[in-house]
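Please read the following briefing alongside the sequence and the coordinates.

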Amino acid sequence: MSLFPIKQGLFSYDVVDHHAILGCPLDATPQEIRKSYLKIAFQLHPDTSKAANEEEQALAAKLFSKFVNPAYEVLSRENDRKEHLLILQQTVSNLASMGQLSFSSTESQQLQGAKQNLELVYRKVVTPLSKGLYEDFKTVFPKIAQVSEYNLIFLMVKGENASARPVFQTSVSSKETVPPVPVVPGRSPQTPPSSVNNSPAEDLSPFEKSLRRAQEHFDRRQYDKAIAELKSALKTDPKNAQAHCLLGMAYLKNNMMTMAKVHIGSAVKLDPNDPKVMVAKKELAKHTSASSSQGGAKSSQGGLFGGLFGGKKK
């Protein structure tokens, strides 16, 4: 991102906002994304560009090859697009724990205050900026930055609206989760029956039950089931460090490194001193190091994860 410095919206948190680069709303369909890309390609191509001089022609070529094409490569593939959206959502979720963000422009404040008609207001403020995004090379970066700010606000308000829905009244924090009593094969449990009955399964909150089921799936190496269980649990308690930790480890076991980094990173931010979180962080670092030494898969979000874990940016 050093070629095109943008310090606004999601870009200011070391995340590449591919939707803002293409001028597409976050809920854009594949057809809308392709349409935006083709329009931008027409505006930046040497034969059709309105570049007034050699300097602008060089900038147009660089924008197209280093900025626009990589964004379309991600958003044109369904799995990559979904993963990218998850990363954006998780980034904004992490920001929410730092306190309320403030924005100066009238449109941003209007979007921030939208509740019932969030999608309508969001499209209303994004659409005018998206038109002719690359027609004026002097304003292209400020416009992209503003679209990214709207994207950040949209995800933030959407997350607030979701959390405002009725949720279970009781849940466990990262330090309150009680691990199951270990049973050694061939030996009866050491805990007296009366002690075990103090916390029967019926007394557990729905969140605790979900977390326990996820742990059971994980222990049986049923990682897909564990992931599904934990994603559902986190809708109830999105700031539970152990749930993020276990979900990150499940993704790690499934060789889904990007999502493993997202959720283990969240666990580290929420409770860095939790023993399980510390172990997960070490496991992630071990896998990341092994992948790097073997020329492992590249990630379009390297800056975000480097910032989370103190690694070197690639």
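The notes below cover the nonpolar cores, the helix packing, and a few individual residues.

This is a predicted model, in which local features need pLDDT of at least 70 and side-chain atom pairs count only at pLDDT 80 or more, while totals for chains, interfaces and linings use all residues. Residues are numbered from 1 along each chain as its sequence is written, and side-chain values use heavy atoms, with hydrogens and water left out.

**Nonpolar cores**

- The largest nonpolar core has 50 residues, and those with the most contacts inside it are Ile21, Leu22, Leu44, Val68, Leu111, Tyr134 and Ile144; a nonpolar core is here a set of buried Ala, Val, Leu, Ile, Met, Phe, Trp, Tyr and Cys residues joined through side-chain atoms within 4.5 Å.
- At least two residues of this core come from each of α1 (18–22), α2 (30–44), α3 (54–75), α4 (78–96), α6 (118–130) and α7 (140–163), where helices are DSSP runs (H or I, at least four residues) numbered from the N terminus.
- Helix α7 gives the most to this core, with 11 residues.
- Apart from this core lies another, of 26 residues, among them Leu211, Ala233, Leu246 and Ala250.
- Leaving aside neighbours within four places in sequence, Leu111 is in contact with Leu118, Val121, Tyr122, Val125, Tyr150, Ile153, Phe154 and Val157, contact meaning heavy atoms within 4.5 Å.

**Helix α10 and its surroundings**

- Helix α10 (residues 223–236) has 14 residues and reaches 20 Å from its first C-alpha to its last, close to the 20 Å expected at 1.5 Å a residue, the expected span being 1.5 Å times one less than the number of residues.
- The buried residues of α10 are Tyr223, Ala226, Ile227, Glu229, Leu230, Ala233 and Leu234; buried means under 20% relative accessible area, exposed over 50%, and partly exposed in between (1.4 Å probe, protein chains only).
- The cover over these buried residues includes α9 (206–219), α11 (241–253) and α12 (257–270).

**Helix pairs**

- The axes of α9 and α10 come within 8 Å and cross at roughly 160 degrees, axes being lines fitted to C-alpha atoms, for helices over the stretch in contact, with angles from 0 to 180 degrees between N-to-C directions.
- That crossing angle makes α9 roughly antiparallel to α10, a term for angles over 145 degrees.
- In this pair, Phe207, Ser210, Leu211, Arg213, Ala214, His217 and Phe218 of α9 meet Tyr223, Lys225, Ala226, Glu229, Leu230, Ala233 and Thr236 of α10.
- For α11 and α12, the axes come within 7 Å and cross at roughly 160 degrees, and α11 is therefore roughly antiparallel to α12.

**Individual residues**

- Lys143 is found in helix α7 and is partly exposed, with a relative accessible area of 23%.
- Not counting residues up to four places away in sequence, Lys143 touches Leu129, Lys131, Gly132 and Leu133, while its C-alpha is 8.0 Å from that of Ser130, a residue 13 places apart from Lys143 in sequence.
- Most residues other than glycine have a negative phi.
- Arg221, in the loop between α9 and α10, has a positive phi of about 65 degrees although it is not a glycine, and at 67% relative accessibility Arg221 counts as exposed.
- Asn255, in the loop between α11 and α12, likewise has a positive phi, near 60 degrees, and Asn255 is exposed, with a relative accessible area of 64%.

Conventions:
Angles under 35 degrees count as roughly parallel, over 145 as roughly antiparallel, 65 to 115 as roughly perpendicular and the rest as oblique.
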